Every structure is written in C-alpha cells, then in structure tokens.
Amino acid sequence: MPDLRLALTDKNLIGLPFAATGQYRARDTELGGFFVLVGSRTKSFMIQADLRIDGVRQSVRMKVADVGDIPARDARAKAKTLLGRIAGGEDPRPPRAEPVKPPEPSSAIPTLREAWDRFRTSHLERKNRSKATVRMYRDHMERLFADWLDWPLSKIGDEPRLLADRHDKISADNGPAIANGAMRSFRAVYNHARKTCRALPAENPSLAIDWNPEQRKDTAMGVADLPAWFAQLAAIPNPIRREYHLLMLLSGSRPEALKAVRIEDLNLRDRVMHIRAPKGGTARAFDIPLSRAMMECIFRLRRIGPVIYPRSGREWLFPSDSPSGHMEEHKEKRTVLSHWGNDLRQTFRTIGQAAEISEVDMHLLMNHSLPGVNSGYITRSKLMRDHLRGAQEKLSTFILAGVVGRGRTAPPELTRWLNSTSRMLLDDLLSEHPDTARLKAGPRAAIRRLEVQAARVATHALPGVLIDAPSRRRRLREGGGNVRS
C-alpha cells in the first residue's frame, strides 16, 4: 500500500487499515518528519530527521509511542520536541548498551584441598547429605589423601599412575573395601571440579584403577541364631545400649539414623518414630511404624534415660555423655555380642522373608526405593496406620517367638528383661548397692558411676507422661508375665 499524507488525528488514525503485507507510512500534514508506521498488527508514532554532528550527516529514526497509548495531539507535541533536539545537533536516542563480553576462561587449577572444600559446601552440605556421608568423605579426603591436599589437581589428572599406586597402598594398609571407597570419593571430587575448570584433563584419573572385587556382607542371623544372640544381649549391663540393639533388630533401621532419634521424633499416640535424616538426607525422611514390642522398648528407654543422663535423656532417645548428647559408638566386642549394627538390618530383612512379609512391604519398612514404574503410585503414608503397622507387628512377634516361644526355654534374665515394665527396670537398677552400681557409658574408657540416692531424687522429677503402656500394666496385674508368642 502506498504511503499516505493526512492530518494525524485520533479520528483519522482509527480509520487507517492495517497493512495486508509489509508496512506503509501515513505522514502528518502539519509536522514534517512526523508519521505513523502501520504494520499488519500495530500502528506506531514515529519521527525521522537528519542529524548533523561535526559536518557529518546521519539519518535518525525513532519511535515516539504506540497509537492508542497516548492521544495523537500529545504524540505530535512529543515528536516536535524530539525533532527540535535533532535540529540542535543532539541525538535523542538512548545510548546503546555495550555488549557484555563473556568472562575470560579461568586457567587457575584448584588444589585437591580447594576442590574438596567446594565439593563439600556446594554438593554435600547444600543437598543436605547425612552427617555419616559427610564424615565418610572427610575421612577419605583428609586422612587417606592428606599428603596430596596442597597438590594441584592437574598433577594427579596428568599422572593417573599416582592414583593407581595410592589405591594399591590403601588396599594393603587399610583393606580393599576402604581403598575402593576412597577412590570413589576422589572420583566424585575430581568430576565436580572439572565442571568449573575445563583446564583439567577431561579423563578422570580413576580410570587407571584396577578395582578390588567387593562382595555384599553376609552377616545376617536366622531364626535359629536368635536365642543365643538374645542371651548375649540380656547380659549387657548398660540398659540403654541393650535397648538400642533390640530396637535395631525390631526396626531394621540404619545404625546412624537410629542413634540420632530425638524424643520429639516419637509420636506414641499414632505409634510412629520419625527418622529425620536417613541415608540420602532430609529429603528421604520417613516414619517407622511401631509394634507393641518396639513401644515397650521405647517406654523402658524413656523411663531409664533421664535417670542416668538427666540432661540429654530428655532430648535423645539414646542419651549419653558424648559431646553430641546421644550415643555415638554402637559397636560391641564380638565376644560380647556376636551381631550388631548393619548385621541386625540384614537380619531384619532375612527374617522378614521367613515371616512371609511381602517384598513391597519390606522395601517400605526399610525405606528402600521401590523398583518399577508401578510402585511410584504407592503413597507410603496412606499405608502407615494399618497395613505397615500390621506387617511390623507380625515381624516383631515372629522374632520374639523364635526366642521365648514355640516351646523354647529362655534364660531367666532374658525373660525378666523382655517382660519387665519400665518401672520394674528402674526398681532393679535402684536396688543395687551404691558401691557396685555403675554403668559403662559411651565409647570411651571412662566409667560413669550411678549413685542410687541421686537416681531416686531424679526419679521424683520425671514427667508424668513417662509411664508404661496401660495395656502392658494390665497384663502384668492379671498375671500374664509371658512375652506374646
């Protein structure tokens, strides 16, 4: 469509048709250099004039406003002002922004220490990895690679034989599993550093390693092994450690997660125990349904914990005098207790199979990821109150029946312990003579004496909620002293 000349008024502009193709101009008859540019969808007030600076002429064209945003009269006034500035030798257009230059690639090669610090901060801590995971990486990097921490990472990348030789040395000094774990930690740190430093060799030096063969530990107990293990457990003098190992077996929890359970994580009304920071971090937090045997274990802990540890016993389920306030070392001598820690988690899974608990239920109870697309439709919380608690109850009953049920004769100290209420346990402890009453608390060799008189005073200060389950007390009054089978 050819260009037009007309008075640019609001009335005339309304009647201007949009361009069928391309664009055309409608020039104002009153103000030279002022026109409307009409496209297929838009109409814009424009100006165009010659700008002379130092004898050099250039054409300036700029947009004033969109038609409809301001009246035609205001657009003409604004255009007149802009044309006056151009005639005076001024360019009214806003200055062009300087193109942003991309930053120069950094050639600084990080040291192993710098790469590890950044990996810990931006990968482990930012993603809320568990304390056990951070502790494992720290042990590998700061102990097994301590003499390399100030080396530039490129030195190891350019000479992968160094890493292969270090793997051989750690295998000989610390064992094949630790050597493999240390190399996996180094591989992760190197790959993370490579993301921000392309000057590092692209090939991870861990490719030079001949990995040690690893096999999953086969340390689970079967039903036939439980009586001997329970007899050992009943002989452990520290009641808190004794209850810890029992709850480990009954829950199948990971050791580190169970030790860090707080009192506030217990919901005894709904019979669940919250694990706030399991393997995988807080995003994997979950609830464990509590069977009757697990509840009785918790009642005993809640009664005796604040007596032995008046401060930490009111915050942690497994209190101690460690800096953290909770039990830190769960290992026992194998001659004292043959199975502990992850042995009991494997036992939980093995006996779950013998008790005919379904594969999906075992995955949910142990907080394992479910395989397959179909399993993604399962909402764990909706199964907690009835279904999963029923499976937990069945498994706990199966375990205890293998010890004191099915015609078996259990040692008296074991039967009394498993049948005792929290008050009975406390009475037994307080009945000891002050000169002989003592508990070995924590991983260190220090011996903590339990003075009977001090414990009696602490008992009077216990909150009233620390009582045995009513159903448990009722069974004892009625003379039912046997553990259910």
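The charged end of K155 sits over the ring of W151, 5.0 Å from its centre. A charge counts as sitting over a ring if NZ of Lys or CZ of Arg is within 6 Å of the ring centre and within 35 degrees of the ring normal. R334 is placed likewise, with its charged end over the ring of W340 and 4.0 Å from its centre.

This is a predicted model, in which local features need pLDDT of at least 70 and side-chain atom pairs count only at pLDDT 80 or more, while totals for chains, interfaces and linings use all residues. Residues are numbered from 1 along each chain as its sequence is written, and side-chain values use heavy atoms, with hydrogens and water left out.

W151 also belongs to an aromatic cluster, together with F145, W148, F186 and Y190. Rings of Phe, Tyr and Trp (its six-membered ring) pair if their centres lie within 6.5 Å; planes under 30 degrees apart count as stacked, over 60 as edge-to-face and the rest as tilted. By this rule there are nine aromatic pairs.

| Pair | Centre to centre | Angle between planes | Class |
|---|---|---|---|
| F145 and W148 | 5.6 Å | 40° | tilted |
| F145 and F186 | 5.6 Å | 40° | tilted |

Helices (H or I, at least four residues) and strands (E, at least two) are DSSP runs, numbered from the N terminus. F145 is buried at a relative accessible area of 0%, and F186 is buried at 0% as well. W148 is also buried. Buried means under 20% relative accessible area, exposed over 50%, and partly exposed in between (1.4 Å probe, protein chains only).

G89 is in the loop between α2 (72–87) and α3 (112–125). With a relative accessibility of 31%, G89 is partly exposed. Beyond its neighbours within four places in sequence, G89 is in contact (heavy atoms within 4.5 Å) with L51, R52 and I53. G89 and R52 are 37 residues apart in sequence, and their C-alpha atoms are 5.8 Å apart in space.

The chain has 18 helices and ten strands. Of its 485 residues, 45% are buried. Among contacts between residues at least 6 apart in sequence, 59% join residues at least 24 apart.
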